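Q: Hey, could you walk me through some of the packing in this one? I'd like to start with a pair of helices.

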Amino acid sequence: MKRLLFVLLALAMVLPVFAAAEKDQAAEGPITLRVLNYADATTPAYAVEKEIWDTFRAQNPDIVLEYEELFDEAFHTKTEAYAAAGRLPDVMFMWPSGRSSTLYNRNLVKDLTPLMAPVKNEFVPIATSPGQFGILGQIPQSTTNTHVLYANLGLLKKLGLSEPKTYADLVAMVPAARAAGVEVVLIPAKSDWVMQSCLFSMVLGRIAGDEFINDVLAGKANFTDKPFVDSLAFIKRLYDDGVISRTALQIDYGEGPALFASEKSLFYIDGAWRVGEFITSPDSGVALIPPAKQQSDFKLMNFPVIPGEKNANSSSVIAGTGFGMNANIEAGSAKEAAAWRLISYLNSAEVLKKRLETGAFSNVTRIGVTASKMEPLQVMNAQLAPAKATYVVDGILDASVYGPINIGLQEMALGTATPEQVAQTTQKAFEEWEISN
Amino acid sequence: MTQIQPMLKPKLSIGAIIARVLLVAILIGFTVMTIYPIIWLIINSFKTSKEFQMNRLGLPIAPTFINYPQAWKIGNFSMLFVNSIFYTGVATLAIVILSLSTSFAFAKIQSKATKPLYNSFVIGILLALESIMVPLFIMSIVTGVYDTRIGILIPYIGLGLPIGVYLGTEFIKSIPDALIESARLEGASYLRIFFSIILPMCIPVAMTLAILTVTSLWNEFMLVNILASRESLKSLPVGILKFSGSLASDYGKQFAALVIGMLPMLIFYLSFRKQIQRGLAAGAVKG
């Protein structure tokens, strides 16, 4: 026992030395890049994700990837720890705002504008323009409709209903849907961001428009003004009219696609990125909605006409996620070249085509990239073009301002706050944010 | 001739019978609450996500085993299993030995420093892991042990010591001083006394500590997620978290991954349940 104790203690003292030596050795070899990727292992696109990274490794033997892959809160916790310790990976998955705000606010990521300049014309403007934080911190791989109305036309037909053109048409469906034991519109709103990002942003764009948000940011309008209150009131009306059930607040985000595929509702609201959940999984060869049924029974559409809207058929669109680079990497260094080679590869036609085919994206920011192996829902998604793209609330406002909106949307559903109260809380949060900035 | 009277059970009053029935009902209720989620999880791991949404409580209509090999492959569980066994085994052994040796010193070798040192250990029980996460991460980078096995083991051992020292000290205090004094008179060193007298007598508390440590380390996620980047260093809970979370959508794979992670603990309990029950009872802190 004594010997064992001594061995353990000796090991504890010696192993860190080996660990350090191991790292020094790695530093002398090919260029090593530390990478943090965000990947959902449960999505059908996961197998292709692996393939994308393996291809880079095979094509670039002079670059060693210290690859780390996390998902959901594990990713965000780790990113925050990296940021707090000032030890960000060399290349990392990022959002254009929202969950990556810390990285932008603390200047931890490099402005990629100079590196992007030579290839600027190969991408749509949104991919090469500085974002909310004034820098091009990541190259968005796609633009995303954060609102899509997934319609089950087969179920509508079965109930003797037809495609809605106006909000009144949706309200008229409530009795028939209730009699059949299904919801009219299902939205997995347990997480507060879903209602804001996937529905309210579109409603605000239709009723108030981007000009209103611009005016608020410029101090020319307030969140307590009529357009904002009316937008909130419309969300309340959806619940009051029974178009959305209050039980939506109990539905986990992950549950939504399977519930819709199981014909629990006539319509489903989510972002365009969710199409990937319905198509055939490369792993199992099984689809939540088989391609033939996608073609015959389903349709992707924009929300019908909303009372009082001024931007007909508009929808909320945001620059998508992408990869950014650690600000500490020296400009002009071999490491920067290697990191840029990786980011360029991740934005190459080869990779973006694969992402289109898996349904991870409905479109890509690189001009001229199309995919042939697409299932009907993917094709519908790619063709779904709103008449006008409007802001996504969490893409344009600070977290301290959109936070109260997210909470308020849930409070209205529960009947614990009125649209006016939510508007006042938002205005207060905005004024506090203005003072602190 | 004396007649032997058969032993008669005392007749229970109606109140006692009702109390007993209620007690049994409550115990059955608790048992169901504990066992049912496990059974539910196992049953649903044999369903596709779609079937799960249609039929959440019933048995699978068309049982599928595909979730298991897929979860195993995608999660790279072979490697994660080995890592989990390594971290749990080494850290548990180290925590038990280091806790008991420290406890021996605190309980039987008194000095002025004993109380403050003991308190400095025990206060660790109150520390929330979240509150020390970032400092630990920074320390791990500064000392060069970030993303190494030893960098994961040291915090595991360090964080396991407070409860170990607390349990060990209270237990060793109950061992008569006379035993140690006699050994000292015979010329035995403290190290000899620890290994020859104290450690064998501490088997019950060592079992308790080992059980507590094994279960908490096997399920530990936060530290290994923060202190390791390389996939080859991560443990089972990190693999499982690839499948579960509020954004995950393939419930079949998620449940299969959870069963894979839970199974070793279930086997551990079923194999050692007698020792675990004995250990938990015997290792209870003596006042």
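Q: How are α5(B) and α7(B) oriented to each other?
A: This is a predicted model, and in it the axes of α5 (residues 114-122) and α7 (residues 149-173) of chain B cross at roughly 130°. Angles over 145 would count as roughly antiparallel and 65 to 115 as roughly perpendicular, so α5(B) and α7(B) are oblique to each other.

Q: And within what distance do those axes come?
A: The axes of α5(B) and α7(B) come within 7 Å.

Q: Which residues make the contact?
A: From α5(B) you have B:Y118, B:F121 and B:V122. On the α7(B) side there are B:L161, B:P162, B:V165, B:Y166 and B:T169. By class that is 7 nonpolar residues and 1 polar, with no charged ones.

Q: Nice. Switching to chain A, how do α10(A) and α12(A) cross?
A: Helix α10 (192-207) and helix α12 (226-240) of chain A cross at roughly 135°, and their axes come within 9 Å. That angle makes α10(A) oblique to α12(A).

Q: Is that crossing left-handed or right-handed?
A: The crossing of α10(A) and α12(A) is right-handed.

Q: Who meets whom there, α10(A) against α12(A)?
A: α10(A) brings A:F200, A:V203, A:L204 and A:I207, while α12(A) brings A:P227, A:D230, A:S231, A:F234 and A:I235. The residues of this contact split into 7 nonpolar, 1 polar and 1 charged.

Q: Let's do sheets. What is the strand order in the open sheet of chain A?
A: Its 4 strands run in the order β7-β8-β6-β9, and the pairing is mixed. β7 (183-186) and β9 (298-301) are at the edges with a single partner strand each, so each has one side without a neighbour in the sheet. From one strand to the next, the twist averages 20°.

Q: Do β7(A) and β8(A) run parallel or antiparallel?
A: β7(A) and β8 (residues 265-270) of chain A run parallel, joined by 3 bridges. A:V185 stands opposite A:F267 of β8(A).

Q: Last topic: how many residues of chain A and chain B are in contact?
A: 41 residues of chain A contact 39 residues of chain B.

Q: Which elements of chain A give two or more residues to that side?
A: Those are α1 (2-28), β2 (63-70), α3 (72-85) and α13 (256-261) of chain A.

Conventions:
Residues numbered from 1 in each chain as written. Chains lettered and ligands numbered in written order. Predicted model: local features only at pLDDT ≥ 70, side-chain atom pairs only at ≥ 80, totals over all residues. Axes fitted to C-alpha atoms, helices over the stretch in contact; angles between N-to-C directions. Parallel < 35°, antiparallel > 145°, perpendicular 65-115°, else oblique. Contact = placed C-beta atoms within 7 Å. Nonpolar A, V, L, I, M, F, W, Y, C, P; charged D, E, K, R; others polar. Left-handed = near helix turned anticlockwise from the far one by under 90°. Pairing = 2+ DSSP bridges.
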